[in-house]
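Please consult the sequence and the model below before reading on.

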Amino acid sequence: MSALCEHCLQGYALEGTPSGKLEGTDYYKAAPGGSTTAVVLLTDIFGLKLINPKLMADQYSERLGCDVWVPDYFNVGKPPFDESKMGPLLPDVPNTATSFFQKLKFIFAIMGCMPSLISNRPSVVDHRTTAFVKRIKEQKKYEKIGVIGFCFGGAIVVRLASTDLFNSAIVAHPAGTSPAEIEAMKIPTSWICAEEDRSFGPEYRAQTEDIWKRKHENSKLDYEFKDYKGTVHGFAARPNLGNPVIKKAWEDSFEQTIAWYKKTL
């Protein structure tokens, strides 16, 4: 349940050119002909400075035929961690020991972005996200809105799934959450889980699924958990596509996302 782990600060940039546009500092990919449904993508700690969420938003829009938004919920385009420093603090496969040097490097990296993490604490980013969703819902007259969050953004999804902002949710290897926050969730939710995740470890992941089993038994609230072997925290947002196992897991998690929204939105 820790807020950040070494894998939060590493990964790979996807290749491509975004086809959407910026509205202020938020990214927007419109569906041809308009849409009464939207998906909101909540980024990891790298925010919109990293190209990945823009490219993934484009693909979601194309496959789902709906508008997709990626809000800049950090402080005016200033995410806590610089994507130019994104690197392999650890190998991106499970069951790899962490050296003292790697732990030290992670500590220094966290110290460097601590002021931004404080200024972008949960209460602040939750408020910004809520205000953003209410604004686009009013402006675009959306009838249904789905949300997907990765890592840092996954924790926001968990917290805001206790409100009436969204109709459906997807949580991908979330950063720090609590059992109380899981208990409070009240919308259909799909979970994308890595084999090794120091922010969402096996015991806590099992506890989370047990909570959702009870929810389903009590209220028939729909849910699913899917685990991806050979992956670590962050694979669904910043995949190493040079590794065939990770590449397939990323592609399969993308299809999980599309199937979930087609089912629940």
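**Backbone, core and cavities of the predicted model**

Lys 220 lies in the loop between H6 and S8; helices (H or I, at least four residues) and strands (E, at least two) are DSSP runs, numbered from the N terminus. This is a predicted model, in which local features need pLDDT of at least 70, side-chain atom pairs count only at pLDDT 80 or more, and totals for chains, interfaces and linings use all residues. Residues are numbered from 1 along each chain as its sequence is written, and side-chain values use heavy atoms, with hydrogens and water left out.

**Overall composition**

- The protein has 7 helices and 8 strands.
- Of its 265 residues, 57% are buried; buried means under 20% relative accessible area, exposed over 50%, and partly exposed in between (1.4 Å probe, protein chains only).
- Among contacts with a separation of 6 or more, 74% are accounted for by residues 24 or more positions apart, where contact means heavy atoms within 4.5 Å.

- Most residues other than glycine have a negative phi.
- Lys 220 has a positive phi, near 60°, and is exposed, with a relative accessible area of 63%.
- His 173 also has a positive phi, near 25°, and its place is in the loop between S6 and helix H5 (179-184).
- At 0% relative accessibility, His 173 counts as buried.

**Aromatic pairs**

- A search of the whole structure finds 12 aromatic pairs; rings of Phe, Tyr and Trp (its six-membered ring) pair if their centres lie within 6.5 Å, and planes under 30 degrees apart count as stacked, over 60 as edge-to-face and the rest as tilted.
- Phe 74 and Phe 152 form a tilted pair, 5.3 Å centre to centre with 50° between the planes.
- Phe 74 lies in the loop between strand S4 (67-70) and helix H2 (100-119) and Phe 152 in helix H4 (residues 152-160), so this pair ties together parts that are 78 residues apart in sequence.
- Phe 74 and Phe 152 are both buried.
- Trp 191 and Phe 225 are stacked, at 5.2 Å centre to centre and 0° between the planes.
- This pair links distant parts of the chain, with Trp 191 in strand S7 (residues 189-196) and Phe 225 in strand S8 (residues 223-232), 34 residues apart.
- The charged end of Lys 215 sits over the ring of Trp 212, 5.4 Å from its centre; the criterion is NZ of Lys or CZ of Arg within 6 Å of the ring centre and within 35 degrees of the ring normal.

**Nonpolar cores**

- The largest nonpolar core has 40 residues, and those with the most contacts inside it are Val 40, Phe 166, Ile 182, Met 185, Trp 191 and Trp 212; such a core is a set of buried Ala, Val, Leu, Ile, Met, Phe, Trp, Tyr and Cys residues joined through side-chain atoms within 4.5 Å.
- H4 gives the most to this core, with 5 residues.
- Another core, of 30 residues, lies apart from it and includes Leu 55, Ile 170, Trp 250 and Tyr 261.
- Leaving aside neighbours within four places in sequence, Ile 182 is in contact with residues including Val 158, Trp 191, Tyr 204, Trp 212 and Lys 215.

**Pocket and cavity**

- The second largest pocket holds about 150 Å³ of space; on a 1 Å grid over the protein atoms alone, a cavity is a set of points where a 1.4 Å probe fits but cannot get out, and a pocket is an open set with protein on both sides within 12 Å along at least five of seven lines, while lining residues have an atom within 4 Å of a point.
- Grid points are joined across faces, edges and corners, and a volume is the space filled by probe spheres set on the points.
- Residues lining this second largest pocket include Cys 193, Glu 195, Phe 200, Arg 205, Asp 227 and Lys 229, and S7 supplies the largest share of the lining, 4 residues.
- The search finds 3 cavities of 30 Å³ or more, and the second largest cavity has a volume of about 50 Å³.
- Helix H1 (residues 52-64) gives the most to the lining of the second largest cavity, with 3 residues.
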